[in-house]
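User: Please take me through this model by question and answer, beginning with the conventions on which the distances rest.

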2 protein chains.
Amino acid sequence: MNNGKKAPTIFDVATESGVSISTISRVINNPEKVNLNTRQRVYEAIDKLGFVPQAEARARALRLKGRIGVITPFFTAPSFVQRLRGIARTLSKENFDLVIYTVDSNNRLQSYLSTLPLTGNLDGLIIMSLPVAEADVRRLVDHQLSTVLIEFPHPQLNSVEINDVEGGRIATEYLLKKGHRRIAFLGDTDLPEYSLHPVNLRLKGYRQALEAAGIDIPHEFVRLEPYDQERARMVAKELIDMPNPPTALFAATDFQALGVLKAARQLGLKIPEQLAVIGFDDLDMAEYEDLTTIRQHLDESGKIAIEILLSHIADPSRPVQHITLPVTVIERLTA
Amino acid sequence: MNNGKKAPTIFDVATESGVSISTISRVINNPEKVNLNTRQRVYEAIDKLGFVPQAEARARALRLKGRIGVITPFFTAPSFVQRLRGIARTLSKENFDLVIYTVDSNNRLQSYLSTLPLTGNLDGLIIMSLPVAEADVRRLVDHQLSTVLIEFPHPQLNSVEINDVEGGRIATEYLLKKGHRRIAFLGDTDLPEYSLHPVNLRLKGYRQALEAAGIDIPHEFVRLEPYDQERARMVAKELIDMPNPPTALFAATDFQALGVLKAARQLGLKIPEQLAVIGFDDLDMAEYEDLTTIRQHLDESGKIAIEILLSHIADPSRPVQHITLPVTVIERLTA
DNA sequence: TGTTATTATGAAAGTGTTTTCATTAAAGCC
DNA sequence: GGCTTTAATGAAAACACTTTCATAATAACA
């Protein structure tokens with residue numbers, strides 16, 4: 001098979017079999033229009049050269065292109081990776097290539113959203129934790145590209161989301177049930193503009209729970225800081241040093257909660273006795289650190305997204321689905 | 001958009017904006033080479049017509065498919081993810097799609113290696129931390145698929161690797177220089193059979209360093225355990241409980257080192273006073289945990305792999321490159 | 001046998017883009 | 001003002017096929 005030479009073209013096959021390229025093309029696309037003898041000769045040449053038509057990829061596998069795209073924020077946050085893992089695992093069993101489009105700016109997101117539906121050559125698209133404008137939704141629908149949104153629902157497209165408000169609420173209720181009355185909140189603020197801010201929803205849940213319990217919180221207890229463990233550590237220190245410090249803290253992401261834990265260790269602060277800490281996400285590292293947290297089934301969300309996508313590709317007439325994944329408290333040692 | 005009409009081509013845009021198709025092409029591919037006024041006019045025409053370049057025609061003219069594949073072990077270990085991140089970041093600036101092939105069994109690896117060069121429709125391939133048999137190498141070379149191997153060098157293909165032996169050696173030497181004489185080793189053992197085992201090389205470096213220092217180590221000090229933090233914790237406990245315990249421990253992966261750190265916390269063991277710990281990899285989490293470790297530039301290795309690959313795609317006649325990345329001690333608080 | 005259909009085939013024109021090369025226009029310099 | 005650079009642009013070739021159209025060869029029929 002083709003030792004070292006360039007990939008054979010239709011011309012090589014023509015030379016080999018002594019007919020013109022037109023005939024080769026016909027053998028491939030309309031075999032019945034070619035005389036049996038000639039056809040046989042061409043097939044032999046094709047086999048001998050190991051010829052694979054370039055555009056064959058297109059005609060391959062029925063009408064499908066065999067590719068599924070995932071637009072994801074550039075994976076700095078572990079939660080993106082964990083979702084992606086669920087996607088990769090589920091998809092690897094199917095006969096689809098996984099094409100990754102990482103977004104690191106609004107521009108890039110826009111460019112993906114405007115070109116992929118037209119030219120991306122995709123059977124389906126998953127958009128992870130990124131906002132999709134009305135015009136983009138329309139384009140996706142117009143071009144009939146099966147799509148699943150994660151964390152950013154839209155009535156016209158399939159979606160998988162979690163109930164962030166409820167998550168914030170049950171985290172706070174959990175702390176309340178443990179007897180805490182002075183509960184601080186630490187959220188991330190400076191996620192890049194192109195990405196989503198579930199933190200606000202989690203904060204809302206926190207406020208709801210407190211209000212329902214008739215508890216007033218000094219506004220210094222609510223801290224929105226850059227998504228950075230160093231900052232989380234500083235905030236922890238500041239909170240603890242307050243004249244009347246909180247007894248518990250709800251961190252809107254595990255990543256920040258881990259920063260607080262580390263600060264606590266450095267300050268010799270006993271967790272959870274002196275400060276109870278609950279996180280959100282249930283990252284891999286949360287288990288390792290015995291962090292009490294809200295589990296949002298990151299792997300699972302990726303898996304479900306793929307499943308919805310595949311079923312929608314198989315039957316595009318299927319009505320759009322909106323799935324809300326449950327959140328649950330995972331009780332470990334920090335709260 | 002696209003209401004019944006044919007999709008607009010570069011010719012339509014040329015007519016609309018009153019310039020030649022060459023200029024349109026330039027506006028799209030090298031905007032800076034076109035006068036600002038003209039450029040503006042072309043952009044307007046593009047917007048007005050809703051023009052989108054046709055990927056297939058583009059690939060044909062470019063003699064490229066616009067796709068680069070990465071075969072990677074299914075990303076359980078954070079180190080794979082970090083390499084992948086370097087790849088994604090570097091590639092996102094180029095005009096290539098990133099196709100991910102995750103491997104979770106030997107079978108799957110074999111099937112990728114045998115089909116991708118033929119039908120994968122790829123311009124280049126990166127094979128991450130996976131063994132490639134002689135026959136597979138031959139196939140890759142025969143079909144002239146530009147390839148870069150990471151962590152598994154082969155004379156006929158480009159490669160990026162790190163010096164694991166040296167890494168093991170300098171880690172051990174670092175501990176020796178700190179005055180330790182009783183140094184334990186913790187490595188991972190049950191990586192799936194299809195994946196690579198740099199642990200043996202790191203262990204070799206460890207042995208070399210000890211031998212050079214004329215130090216004999218009880219063989220119970222060398223532990224090979226499943227890649228699992230729980231096990232790492234158990235091992236840490238066992239080592240400490242020995243009648244004559246080690247004063248330092250070199251863990252072949254940060255992941256295991258972190259498990260040891262946790263065990264130490266639970267046992268109330270002072271680190272590094274009672275047990276110095278050094279890891280290997282310099283994962284993101286290592287910095288967070290102030291783990292002293294051997295840095296192997298994971299992100300960078302992905303970046304370099306892509307750079308080599310792209311230059312090789314641009315000029316396939318270029319001789320193969322073998323890059324060995326340096327390893328360095330990153331001194332933090334645990335050793 | 002001469003005429004008409006039918007079948008098999010090749011030449012050549014498309015397909016939509018990139019890129020090289022040549023040309024023109026503008027700018028810089030003495 | 002003449003000469004040399006430099007910038008901006010278009011013409012045309014290349015890419016790897018598909019498809020149309022014309023032609024040659026064969027078969028069918030009177």
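Analyst: A polar contact is a pair of N or O atoms within 3.5 Å; within protein, one must be able to donate a hydrogen and the other to accept it, and residues adjacent in sequence count only if both atoms are side-chain atoms. The model is predicted, so local features need pLDDT of at least 70 and side-chain atom pairs pLDDT 80 or more, while totals for chains, interfaces and linings use all residues. Residues are numbered from 1 along each chain as written, chains are lettered from A and ligands numbered from 1 in written order, and side-chain values use heavy atoms without hydrogens or water.

User: Which element supplies the largest share of the surface near DNA strand C?

Analyst: Near means that a heavy atom of the residue lies within 4 Å, and of the 24 residues around DNA strand C, those that come nearest are A:Thr23, A:Thr38, B:Ile10, B:Ser25 and B:Asn29. Helices (DSSP H or I, at least four residues) and strands (E, at least two) are numbered from the N terminus. At least two residues of this surface come from each of α2 (21–29) of chain A and α1 (10–17), α2 (21–29) and α4 (55–62) of chain B. The largest share, five residues, is supplied by α4(B).

User: Which residue of β9(B) is the bridge partner of B:Phe250?

Analyst: Strand β8 (residues 248–251) of chain B runs parallel to β6 (residues 183–188) of chain B, to which four bridges join it, and also to β9 (residues 276–281) of chain B, through three bridges; pairing requires at least two DSSP bridges. Towards β9(B), B:Phe250 is paired with B:Ile278.

User: Are B:Ala248 and B:Phe250 on one side of β8(B), and B:Leu249 and B:Ala251 on the other, buried or exposed?

Analyst: The classes follow relative accessible area, with buried under 20%, exposed over 50% and partly exposed in between, for a 1.4 Å probe and protein chains only. Both faces of β8(B) are covered, and the four residues, B:Ala248 and B:Phe250 on one side and B:Leu249 and B:Ala251 on the other, are buried.

User: At what distance does the side chain of B:Thr334 reach the backbone nitrogen of B:Thr292?

Analyst: B:Thr334 sits in the segment after β12 (328–330) of chain B, and B:Thr334 counts as buried because its relative accessible area is 5%. Its contacts (heavy atoms within 4.5 Å), leaving aside neighbours within four places in sequence, include B:Pro272, B:Val277 and B:Thr292. The side chain of B:Thr334 reaches the backbone oxygen of B:Val277 at 2.7 Å. To the backbone nitrogen of B:Thr292, the distance from that side chain is 2.9 Å.

User: Is the peptide bond from B:Ile271 to B:Pro272 cis or trans?

Analyst: In chain A, a cis peptide bond joins A:Ile271 and A:Pro272, with omega about 5 degrees. B:Pro272 lies in the loop between α11 and β9 of chain B. With omega near 10 degrees, the bond from B:Ile271 to B:Pro272 is cis.
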